[in-house]
Amino acid sequence: QVHLVESGGGLVQPGGSLGLSCAASGSIFRINYMGWYRQAPGKERDMVATKTSDGTTMYEDSVKGRFTISRDNDKNTVHLQMNSLKPEDTGVYYCNAGVYSTAWEWNDYWGQGTQVTVSS
């Protein structure tokens, strides 16, 4: 079993910055991808940013140039730095990871979610 524990989030004014962190622990052989999803009220959960173990990075179009995802493969952590925040960035942010518990056993895991509210 693998656990993803998120930290960060909170209330920030438009134009402000916030950082989210996620740490994976448990039965980990190798982590393929780690990233963040966002779910706004009444909407589906959508990918915000993700980074694979080989460094390939993807961002949702609306956050490009404002958000930066980084990983520490040795510590099994992922960080999302969010700058120039907008009210539409408000939502619950979920950490997501694709984890091999052995060389051949793979599962997709989710954190419990952390609230980000951008409001004046």
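In this predicted model, strand β5 supplies the largest share of the lining of the largest pocket, three residues. Strand β5 spans residues 45-52, and β4 spans residues 30-39. Each of these two strands gives at least two residues to the lining. The space inside the largest pocket comes to about 180 Å³.

The lining can be read along the chain. Arg-38, Gln-39 and Ala-40 take part, as do Lys-43 and Glu-44. Asp-46, Met-47 and Val-48 also belong to the lining. Glu-60, Ser-62 and Glu-88 complete the list. By class, six of the lining residues are charged, three are nonpolar and two are polar. Arg-38, Lys-43, Glu-44, Asp-46, Glu-60 and Glu-88 are the charged ones. Ala-40, Met-47 and Val-48 are the nonpolar ones. Gln-39 and Ser-62 are the polar ones.

The cysteines were examined next. A search of the whole structure gives one disulfide. A disulfide is a covalent bond between the sulfur atoms of two cysteines. Here the partners are Cys-22 and Cys-95, with their sulfur atoms 2.1 Å apart. The pair joins distant parts of the chain, 73 residues apart. Cys-22 sits in strand β3, residues 18-26, while Cys-95 sits in strand β9. The torsion about the S-S bond is about -85°, so the disulfide of Cys-22 and Cys-95 is left-handed.

Are the two cysteines buried or exposed? Cys-22 has a relative accessible area of 1%, so Cys-22 is buried. Cys-95 has 0% relative accessibility and therefore also counts as buried. The cut-off for buried is under 20% relative accessible area.

Backbone angles were considered last. Most residues other than glycine have a negative phi. Which values of phi are found at Asn-76 and Ser-84? Asn-76 has a phi near 55°, a positive value in a residue other than glycine. Asn-76 lies in the loop between β7, residues 67-72, and β8, residues 77-82. Ser-84 has a phi near 50°, again positive in a residue other than glycine. The loop that holds Ser-84 runs between β8 and β9, the latter covering residues 91-100. With a relative accessible area of 41%, Ser-84 is partly exposed. That value falls between the limits of 20% and 50%, so Ser-84 is counted neither as buried nor as exposed.

Terms used:
Residues are numbered from 1 along each chain as its sequence is written. This is a predicted model: local features need pLDDT of at least 70, side-chain atom pairs count only at pLDDT 80 or more; totals for chains, interfaces and linings use all residues. Side-chain values use heavy atoms; hydrogens and water are left out. Helices (H or I, at least four residues) and strands (E, at least two) are DSSP runs, numbered from the N terminus. Buried means under 20% relative accessible area, exposed over 50%, partly exposed in between (1.4 Å probe, protein chains only). A disulfide is a pair of cysteine sulfur atoms within 2.5 Å. On a 1 Å grid over the protein atoms alone, a cavity is a set of points where a 1.4 Å probe fits but cannot get out, and a pocket is an open set with protein on both sides within 12 Å along at least five of seven lines; lining residues have an atom within 4 Å of a point. Grid points are joined across faces, edges and corners, and a volume is the space filled by probe spheres set on the points.
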